[in-house]
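Open the model in your viewer and keep the selection panel at hand. The tour goes stop by stop.

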Amino acid sequence: MAAYSRKDFLRLTALASASMMIPKFLRGADLQSEDILNQLFLSKTNGKRLIVVQFSGGNDGLNMVIPYGDDQYHSNRPTVGIKSAEVLKINDYFGFNPIMKGVSDLHQSGHFAVLNAVGYPNPNRSHFRSMDIWHSASDEDQYIQTGWVGRWLDACCSEENARPHLALEIDDAMSIAIKGERMKGIATRNPKRMKLLTGDPLLMKIANDYTHHESEHQLVDYLHKTLAETSQSATYLIDKMKNAPSKSVYPQHAFGKQMKVIADLILGGSETVIYYVSLPGFDTHAGQNNQQNRLLGVYSNAMEALAKDLKQAGLWNDTLVMTFSEFGRRVKQNASQGTDHGTANAVMFAGGALRKSGVLNDAPDLLNLDEGDIKHTVDFRQVYATVLQNWLGTDPEIVLGRKFGMLDFV
Amino acid sequence: MSQVESVTIFNYQTPNVKSENGSKMERATRISGRRRISASLSYNRQKIFMVLYLEVFSHKQTGTMSNQGGFLNHLLQRAAFGVTPELENRFARIERAQVVDELFRDSSVIQDLLYLPKPDTNDKGEVGPVKTLLLVIKSQKEKDELNLAWIDRMAVAKAALREKMTLFWHNHFATGTPFAWLMQVQHNTLRKHALGNFGDMLHDISRDPAMIAWLNNQQNKKNAPNENFAREVMELFTLGEGNGYTENDIKEAARAFTGWSVNQKGEYEFNAKQHDDGFKTVFGQTGNYNGNDIIDMLLAKRQTAVYVCRKIYRTFVNNEVNENRVEELASRFFSSKYDIEDLMRTIFNSEWFYAPENVGSIIVSPVELIVKYKKLCKIELEDEQMLALQHVLGQTLFSPPNVAGWKGGKSWIDSNSLIQRLHMPKSVLDAGTARLYRKPAFEEKDKPQKKKDKEERVKIKSDWTDMVKHMKQIPEDKITAECLRFLLVSDTSHINISELEKEVDKSNKERQIITTLCAVMQFPEFQLM
């Protein structure tokens, strides 16, 4: 279903060079043909959206989704562990960190799920390297310089109909995650900041004047084309931000602001399919509980606000939130009331249309560890594949490079 | 074991710096010291300038170039950090071959960048995980300072070509270990060999402590700590992926590198007890090879010359590779036994280097762009913003995304970085812009949020004196043309002059010059070199 009306299109093309967005065979045709083009493109996506939340620093999943029913958990974490009586119960074995009231409520409504022990073979415990691996969906010994979301954009966008705002990272700098071979998404902390472009008459004139000249050096053409696309996306996003600002209260935190931007865009009718946002600070080598609790509280409150906004607008069922971290942490606590870098970790899902909620698979085996770390039972590429195929309707093999086994949470 | 604990640690203390303020002053003195030197240089040049001005301005630039700039602008973009009034005056009536010569002569002296003082080392005792973490965070701060020191160096260095080559090798042997002192050591190793011998450089870098630490960090394989180095050295530093080595070659080569480690002082040390001195079969040959032998074998393969020349071509000639040229260059590079200076001289002295298809065919990298601004108008930002700017543009010195380095070319350009690039001239004119934010380091704690929500503005300082002086004598109606000629190498026929001139403030000559320069710099063509 097009989230993008004819009126919107007219407005956009008044501002931007129409010839840029239409392939040659449709150029000069009437607006009905442009609607056809819309359909051609939108048939590659299906009206669903994904929000990827990245916990940066290596979040301690064991203190977030707590296997309070496992003696190993308590014996390994005499002071850092959370007491069984305090957890927000999911079932007889698991419970959420007590600060995550919002998340627990979502779970009660059947809108939250947890997948345990997600990782990959030969896990890497370096922040940079492991985050690279999650972003690029590579094997541990491959160095790929594109990201899975960027490659999704490659698969869904044609050169003529480039809409980089379909993949949107809410940050000043772009992660590899949204850089594809041909296409890149957009990174902006707030679309309003893109007024640096749309509010500049000279830049907008250069952007709007763009037509492809065969004689022109291909790099000049590339820069002008990127500028034209960016100005269109910027205009589009700034416009969508205004339509229906969210009403929920988001936490007073950078992450809260970023989630609010996402909410505003979704409520405003943006056609963005994949949103990407990160919450840093999870590298809890020392004094873990205070730090992690605070961050999980911010996350939980933001999720609560987001769900409320989207439910009210009837958009929660089309939304899936996937939350991950580049690795988990070691089972045994260290000498500084913290934990050190580990391996496999929980991935969490939220949304109105989950096929299953609660804990989706077996608990991590805390007895049979790999030198003190959890062994993965799910490859994270399976998670991506499932989201790509079942939720977004894209062939995962194009994006991930090979086949991965599917899961069934969505 | 945590990742941080598994690296060999030495005790790292910065001597004589007792406080935050202390270290800031130390840097400020160094920086202003450098500034004083460059100020006196431009004063001397002023005299020569007046004499040469008319010659420079009336010098008709035609020929095979698609812009009016002749060869000089193009050459200086590639072999230095762009054209400046000083360089233009200096090379005004000099033949191309001689300009090339002088650029190499300028780079003949190797001057280390010794910004960070050597840490006190302590052989005894181990650093615990928390202290190690603090060490890493502190080192990040010092890495940041080293970053800024190098940018400052690039902005004023006479040995511009050597600095550019060092930047190239930094990307080739892309290392981003958080230990700042080790990064500085590696940095100077790269500069030492930058125009020297690639074989010598490869040998030295294979023993470089930062490289050893970096790959251990990256890999964290407990049983084969150097298999990753063996892979990297083939895949990324010499042959290139899939070009004449097998998994078995890597495994066996890894054995040859065992024992190559770093001691508690942060120096390379060969640990004989850890070395596997058995027989290995690599590239079809068997012997009890050590790491040196493997490196020599890699250098003996012509493919190494091809791979390196292709990267050099992409960085210095054209983002699009011409395989025939690469082969030509590789043959020469190989038979010269990897003489880098000879390779670069060959490039800069070749006719094809100056052909129109190679002019304006490279997207300026973020660091080069920042250095260009420093050279044109001496911009100054607060340190944090200078780092955030690199971050937003996609290239932070000493922090490559991974050991494969920065991809370069079109990958520098995305919606956000393009907006940033095109907005920069305005922010310089406005003497300020909205604050940029870096993603915090992975190890950083969450900071409490300020209550105020307003977009924070940061100040930008600039000094256009040199450019204004350079253009003062040019008639008002010729200023736009001169700015286009000076700043752009690309074909300017598609530039909308009337739109450009709407941005010009003609209230006085100086304003006209500055606003015209900034308007030209807003055009996408300014992002090309």
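A residue is buried if 20 or more other C-beta atoms lie within 10 Å of its own. Keep that cut-off in mind, and remember that this is a predicted model.

**Stop 1: helix α2 of chain B.** Select residues 70-79 of chain B. Eight of the 10 residues of this helix are buried, so the rest of the structure largely encloses it. Colour the buried ones: B:F71, B:N73, B:H74, B:L75, B:L76, B:Q77, B:R78 and B:A79.

**Stop 2: B:I94.** Go to the loop between α3 and α4 of chain B, where B:I94 lies. B:I94 has 13 other C-beta atoms within 10 Å, so it is partly exposed. Draw a distance to B:L72, 22 residues away along the chain: the two C-alpha atoms are separated by 9.7 Å.

**Stop 3: helix α7 of chain B.** Select residues 180-193. At 1.5 Å a residue, the 14 residues of this helix should span 20 Å, and its end C-alpha atoms are 20 Å apart, which agrees.

**Stop 4: the contact between the chains.** Show both chains. Here 55 residues of chain B are in contact with 61 residues of chain A. On the chain B side, the elements giving two or more residues are α5 (129-156), α9 (209-219), α17 (383-393) and α18 (415-429). The largest share, seven residues, comes from α18(B). Colour this side by residue type: 21 are nonpolar, 20 polar and 14 charged.

**Stop 5: chain A as a whole.** Chain A has 14 helices and 12 strands. Of its 410 residues, 57% count as buried. Take the contacts in chain A between residues at least 6 apart in sequence: 72% of them join residues at least 24 apart.

**Stop 6: the nonpolar core.** Bring chain B back. The largest nonpolar core has 263 residues. Those with the most contacts inside this core are A:L50, A:L115, A:I262, A:V387, B:C309 and B:V520. Its largest share, 10 residues, comes from helix α12 (residues 288-312) of chain A. Centre on A:L50. Beyond its neighbours within four places in sequence, A:L50 is in contact with A:V273, A:I274, A:L320, A:M322, A:V387, A:W391 and A:L392.

**Stop 7: α5 against α12 in chain A.** Select residues 101-108, helix α5 of chain A, together with α12(A). The two pack at an angle of about 45°, with axes 6 Å apart. They are therefore oblique to each other. From α5(A), A:K101, A:G102, A:V103, A:D105 and A:L106 meet A:S300, A:N301, A:M303, A:E304 and A:A307 of α12(A). The residues of this contact divide into four nonpolar, three polar and three charged.

**Stop 8: two positive phi values.** Which phi does A:E371 have? It is about 50°, positive although A:E371 is not a glycine. A:E371 sits in the loop between β11 (358-359) and β12 (378-379) of chain A. With 8 C-beta neighbours inside 10 Å, A:E371 counts as exposed. Then jump to B:K378, in the loop between α16 (366-377) and α17 of chain B. The phi of B:K378, a residue other than glycine, is positive and near 50°. B:K378 has 18 other C-beta atoms within 10 Å, so it is partly exposed.

How values were computed:
Residues are numbered from 1 along each chain as its sequence is written. Chains are lettered from A and ligands numbered from 1 in the order in which they are written. This is a predicted model: local features need pLDDT of at least 70, side-chain atom pairs count only at pLDDT 80 or more; totals for chains, interfaces and linings use all residues. A nonpolar core is a set of buried Ala, Val, Leu, Ile, Met, Phe, Trp, Tyr and Cys residues joined through C-beta atoms within 7 Å. A residue is buried if 20 or more other C-beta atoms lie within 10 Å of its own, exposed if 12 or fewer, and partly exposed in between; C-beta atoms are placed from the backbone. Helices (H or I, at least four residues) and strands (E, at least two) are DSSP runs, numbered from the N terminus. Two residues are in contact if their C-beta atoms, placed from the backbone, lie within 7 Å. Ala, Val, Leu, Ile, Met, Phe, Trp, Tyr, Cys and Pro count as nonpolar, Asp, Glu, Lys and Arg as charged, and the others, Gly among them, as polar. Axes are lines fitted to C-alpha atoms, for helices over the stretch in contact, and angles run from 0 to 180 degrees between N-to-C directions. Angles under 35 degrees count as roughly parallel, over 145 as roughly antiparallel, 65 to 115 as roughly perpendicular and the rest as oblique. The expected span of a helix is 1.5 Å times one less than its number of residues.
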